[in-house]
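Q: Please take a close look at one helix of this model and at what surrounds it.

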Amino acid sequence: MSRHLLKFNVNGKDHALVVESHERLLDVLRDRLGLKGTKEGCSTGDCGICAVLMDGKLVNSCLVIAIQARNKKITTIEAIGTSEQLHPLQREFIKWNASQCGFCIPAMILASKNLLDHKPSPTDEEIKQATRGIICRCTGYHSMINAVRAAALEMKKQ
Amino acid sequence: MAEKHGTRPDAPQLVLVGKSVERLDSVDKVLGKPIYTMDILPENCLYLKVVRSTHVHSLLKSVDVSKARNYPGVVQVITAADVPGINESTALLPDKPLLASDKVRFVGEPIAAIASYDPVIAEEAVDLVKIEYEDLRAVFSPLDAIESDAPKIHANGNIAKHLKLRKGNVEEGFKQADYVVEGTYKTQFQEPVPLEPEAGFVVPEPDGSVTCVGSMQSPFHVQTGIAKILSLPPQQVRVIQAATGGAFGPKSDEMPVDILGMAAIVALKTGKPTALAYTREESMIGHTKRHPFVIKLKAGVKKNGRLTAWEARLIADTGAYASLGPLVITRALFHATGPYEIPNVKSDSYCVYTNNTMAGSFRGFGGPQSHFAAESHVEEIAKRIGMDPLKFRRLNMLRPGCLTATSQLIDESCGLEECIEKVLEASDWHTKRNEYTKQTGTIRKGIGIAIMYHGNSLGPEGNDYVAVHMKIDKDGTIRFRTALTEYGTGATSGLLQIAAEVMHLPLRYFKLDPPDTDYCNDAGPTVASRTISVGGRASQMVAGKLHQRLKEIAARMLGCIVDEIESTNGSYYARERPEHSVSYLDVVKSAYEQGLELKVDDTFTAPKCEYDPETSQGTTYLQYTYGAVTAEVEVDTETGKVQVDKIVAAYDIGKAINPLSVEGQIEGGTVQGVGYGIMEELIHKDGVVLNPNLADYYVPTSMDVPEIKSILVEYPGHLGPYGAKVIGEPPIVLPAPAIVNAIDHAVGVRLSEIPATPDRVLLALKNMIAQPRS
């Protein structure tokens with residue numbers, strides 16, 4: 001085991017932490033930085049609900065060793081919207097009842113945001129592709145697809 | 001939608017009920033707020049890791065924890081000997097210990113638990129526990145387990161429960177029949193996969209009591225279980241439900257008691273808050289899944305298509321412990337004919353122990369297995385007598401005036417025919433049914449149908465009551481408290497929607513407090529889709545009383561009698577003088593000034609279901625939800641792969657309190673049902689689960705979902721508020737049989753076993769080529 005200085009940016013804020021070589025990004029976010037919005041569902045990279053954005057790419061934070069985030073920009077759900085001003089994706093997820101138990105929602109919203117960042121007018125097929133790595137056991141996905149499509153329209157208006 | 005039944009001429013205009021209002025818990029969820037158990041762990045918490053049996057059926061000769069206890073960083077190790085009260089964590093029968101003491105019955109059974117401030121140390125110490133086993137003969141198939149020479153898993157033998165249904169005279173019925181059609185159908189272990197694995201923590205309080213927080217469905221079931229384990233009076237065990245990331249059944253069974261029971265023992269021993277969270281693998285092995293069934297059916301039918309007799313033998317593998325298996329086989333038994341009227345029925349269901357992992361509650365609760373068998377079998381019967389299967393269904397199915405298998409009279413609230421009409425139309429059934437028979441090539445399309453009924457209310461499953469408490473704060477906030485839990489369906493938001501409707505107030509005044517045994521009365525379990533149907537009645541009743549109290553105060557303020565008071569959208573006035581009104585907030589203020597209490601506590605209890613337990617004849621449920629589903633598939637005859645292209649689903653739900661939520665239940669349940677039909681199977685080999693992870697156990701992803709069309713049909717029932725029927729469970733029932741019937745339509749083979757995986761489909765195709773059906 002060795003210790004490393006992890007300098008990285010999380011949600012626009014620079015951090016410098018000493019991490020162990022085996023520490024997972026997921027644990028650093030949740031336990032060291034207190035960002036509990038990122039959930040753990042399987043710890044084997046199969047369910048996708050720990051997904052965060054790393055330099056604009058969707059990654060399963062349970063499979064990322066913390067030090068791999070060195071000098072990178074991490075975005076978690078905490079950076080998306082506030083209760084006073086929800087992100088259009090969050091508004092549309094609520095409107096379309098795309099959040100049931102809610103456990104996959106942070107990952108779903110980040111995956112969808114990442115898609116819209118790169119493709120402002122995605123097709124349904126592209127929305128499915130972008131969220132395919134994240135399991136939702138409640139909704140059957142249709143309400144999510146509707147919400148992302150609607151949010152894309154909203155964001156274009158703005 | 002069923003206008004002729006939907007609105008009674010004297011029905012008051014509804015403002016909120018029937019509208020797709022946004023649910024109350026969404027904002028926290030889309031913002032990723034820390035609301036789930038593992039997000040709110042107390043500081044300086046001990047973590048538990050569970051030592052599990054690696055043997056399938058063995059006597060425990062010794063459990064030596066000394067090495068683990070001495071391992072640096074380990075704070076506490078507990079075994080069965082450390083249970084202060086009764087070593088039991090069960091859902092129904094007293095058959096399952098919290099920690100195994102003399103015997104283990106499945107691979108994965110908890111034997112000890114290790115506590116450390118560092119979960120990695122606790123996990124390391126797991127391997128230091130030395131267990132001596134003496135292996136016993138094991139049995140893995142319920143068909144083997146019921147044989148007289150099978151090894152006994154429990155002292156009373158391997159049949160945990162046998163139930164009988166007897167209607168008419170089945171021998172006589174077979175004599176009247178022109179044809180007798182037999183078939184055997186098999187279903188698999190389906191894993192519920194709530195996305196949040198089981199988790200909980202226990203805080204020891206200075207007065208010797210404990211506070212238990214966790215992911216669960218039924219706080220009072222947990223309270224009873226923990227109190228027994230700790231030998232404490234229930235009021236010394238406070239149970240609070242944290243936001244729960246999916247449940248689907250198992251979180252109403254033993255797992256929350258297992259988790260919090262182990263944590264509570266350690267918390268009391270150490271005086272430290274203690275947490276236990278299962279890994280995905282532990283969750284998939286430990287918690288209850290859908291029972292695999294073997295269902296043998298024998299039907300008698302006349303040339304004219306009328307069913308004369310139906311015999312069913314249902315054998316359910318409940319695994320090493322019964323869990324709610326005896327109740328699952330009850331529901332399966334009562335629905336074993338499918339939604340058909342048959343004068344003579346003889347059914348037997350058996351809940352059988354094996355050395356597999358446990359089966360118990362999962363959305364549908366015996367309904368999916370029974371309907372898969374029945375809805376497959378009616379197609380075979382129709383084929384045998386040369387009748388269109390749809391015509392055959394319509395000839396025999398339940399309509400008002402018919403008697404169910406339990407001899408319950410179907411009343412006017414039966415929308416089954418309309419469900420069928422709606423799905424036929426929306427799926428373009430007749431065209432496709434005809435067109436798809438003319439295909440050539442390796443990819444073949446097919447369309448199939450299945451229909452259902454689903455008994456509403458707990459019925460045989462227990463006393464059906466819900467307590468609701470409502471209190472108005474000084475600022476006008478109405479605190480709504482119930483021990484019914486939210487785990488994703490949105491049904492609790494529906495309770496508040498109903499209360500707001502009754503009180504003629506905007507929804508924004510209502511606030512749902514988290515379920516907590518300290519301030520809630522027992523509401524029974526949050527299962528069987530009962531939140532809206534029974535909880536909604538409690539909400540309606542309590543809101544009605546609180547509304548009356550507000551009207552009394554308003555009457556005094558307005559100088560009239562209470563019967564003259566009308567209210568609308570938070571304002572009260574005397575009928576004759578609408579220009580003089582007082583606002584809701586004025587009324588609350590006045591109440592507080594006078595020292596009047598604005599709170600109501602009450603319990604709604606549904607009527608009891610009465611039936612003869614020897615014959616299962618009588619009233620088994622208080623009303624029924626009906627449904628019809630069509631599935632369109634593409635079968636690749638070279639690879640055996642089945643793709644589900646479209647599902648059209650119509651349900652008679654009585655009254656949709658929140659149509660958007662209802663559609664959410666239909667879509668989500670449909671996709672779980674598609675998974676059940678074509679891909680989901682928890683595979684056991686000699687008692688070992690081969691795929692306890694989400695890489696090898698396939699759950700439908702966004703790429704697997706068909707187009708879904710949901711249709712709501714409304715024939716009001718007598719149980720739920722505004723005529724509402726249940727919808728949480730039914731949507732998982734029909735996709736599997738509809739898909740299997742569509743596969744038959746596409747390629748002419750009947751799969752009698754699900755899921756319809758490529759290998760099963762290929763094998764069936766190969767067998768058909770070898771032995772073409774006449």
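A: The buried residues of helix H12 of chain B pack against strand E14 (307-319), H11 and strand E16 (443-456) of chain B; contact here means C-beta atoms, placed from the backbone, within 7 Å. Helices (H or I, at least four residues) and strands (E, at least two) are DSSP runs, numbered from the N terminus. The model is predicted: local features need pLDDT of at least 70, side-chain atom pairs count only at pLDDT 80 or more, and totals for chains, interfaces and linings use all residues. Residues are numbered from 1 along each chain as its sequence is written, and chains are lettered from A and ligands numbered from 1 in the order in which they are written.

H12(B) spans residues 389-396, and its buried residues are Pro389(B), Phe392(B), Arg393(B) and Asn396(B) (buried: 20 or more other C-beta atoms within 10 Å of the residue's own, with C-beta atoms placed from the backbone). Seen down the axis of H12(B), these residues fall within an arc of 100°, so they line one face of the helix; the arc is that of the directions from the helix axis to the C-beta atoms. An α-helix has 3.6 residues a turn, so residues three or four places apart point the same way.

H11(B), one of the elements packed against H12(B), covers residues 367-385 and also packs with H19(B), residues 735-747, at an angle of about 25° with the axes 8 Å apart. Axes are lines fitted to C-alpha atoms, for helices over the stretch in contact, and angles run from 0 to 180 degrees between N-to-C directions. H11(B) and H19(B) are therefore roughly parallel (under 35 degrees). On the H11(B) side, the residues in this contact include His371(B) and Phe372(B), and on the H19(B) side they include Val740(B).

Note on methods. Parallel < 35°, antiparallel > 145°, perpendicular 65-115°, else oblique. Contact = placed C-beta atoms within 7 Å. Buried ≥ 20, exposed ≤ 12 C-beta atoms within 10 Å, placed from the backbone.
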